[in-house]
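I opened the model to look up a few residues and the elements around them. My entries follow in the order in which I made them.

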Amino acid sequence: MAIRRSASKRHGLPSIVQLRLTPASAQAEALAAAVLLCNEAATVVSRLAWRHRVFAVVELHRLAYYEVRGQVAGLGAQAAVRAIARVAGAYANRRASN
């Protein structure tokens, strides 16, 4: 793991630390599996959002949380919440750019 720190604090702000992770092959496979699982959850949430025309994060959370936890085996609570927020954020960004 390589760590690079900024040289000094500027205007009283904390330093920024950049990390480069170099996982072992088993860790890399576990990370890739977690990413695929989260992407699957985001797909389920997105389909629900379009089906019900619900795109705001709170309403989408109420609609999709239990559904996505039931459909995607092995998905944790925090991963489900982040997938819902990611989908809602993507739709918010799309609306803002149009």
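I started with Arg69 and found it in helix α2. Helices here are DSSP runs of H or I of at least four residues and strands are runs of E of at least two, numbered from the N terminus. Arg69 counts as partly exposed because its relative accessible area is 34%. For this I used the cut-offs of under 20% relative accessible area for buried, over 50% for exposed, and partly exposed in between, with a 1.4 Å probe and protein chains only. Leaving aside neighbours within four places in sequence, I listed Leu75, Gly76, Ala77 and Ala80 as the contacts of Arg69; contact means heavy atoms within 4.5 Å.

Source notes. The model is predicted, so local features need pLDDT of at least 70 and side-chain atom pairs count only at pLDDT 80 or more, while totals for chains, interfaces and linings use all residues. Residues are numbered from 1 along each chain as its sequence is written, and side-chain values use heavy atoms, with hydrogens and water left out.

Confidence. pLDDT is the predictor's confidence in each residue, from 0 to 100. I noted a chain average of 89, with 88% of the residues at 70 or above.

Layout. I read the pattern β-β-α-α-α along the sequence, that is, three helices and two strands. Of the contacts with a separation of 6 or more, 45% join residues 24 or more positions apart. Of the 98 residues, 21% count as buried.

Core. Which residues touch the most other members of the largest nonpolar core? I found Val45, Leu60 and Val68, in a core of 20 residues. The elements giving two or more residues to this core are α1 (25-52), α2 and α3 (77-97). A nonpolar core is a set of buried Ala, Val, Leu, Ile, Met, Phe, Trp, Tyr and Cys residues joined through side-chain atoms within 4.5 Å. Beyond its neighbours within four places in sequence, Leu60 is in contact with Val45, Ala49, Val54, Tyr65, Ile84, Val87 and Ala88.

Trp50. I placed Trp50 in helix α1. Trp50 is partly exposed because its relative accessibility is 41%. Outside the four places on either side in sequence, the contacts of Trp50 are Phe55 and Tyr91.

Arg53. I found Arg53 in the loop between α1 and α2. Its phi is near 55 degrees, a positive value in a residue other than glycine. Most residues other than glycine have a negative phi. Arg53 is exposed, since its relative accessible area is 56%.

Ala73. I then went to the loop between α2 and α3, where Ala73 lies. Is Ala73 buried or exposed? Ala73 is exposed, with a relative accessible area of 67%. The C-alpha atoms of Ala73 and Leu37 are 8.6 Å apart, although the two are 36 residues apart along the chain.

Surface. I noted an accessible surface of about 7400 Å² for the chain, 57% of it belonging to carbon and sulfur atoms. Areas come from the Shrake-Rupley method with a 1.4 Å probe; for residues, only the protein chains shown count as cover.
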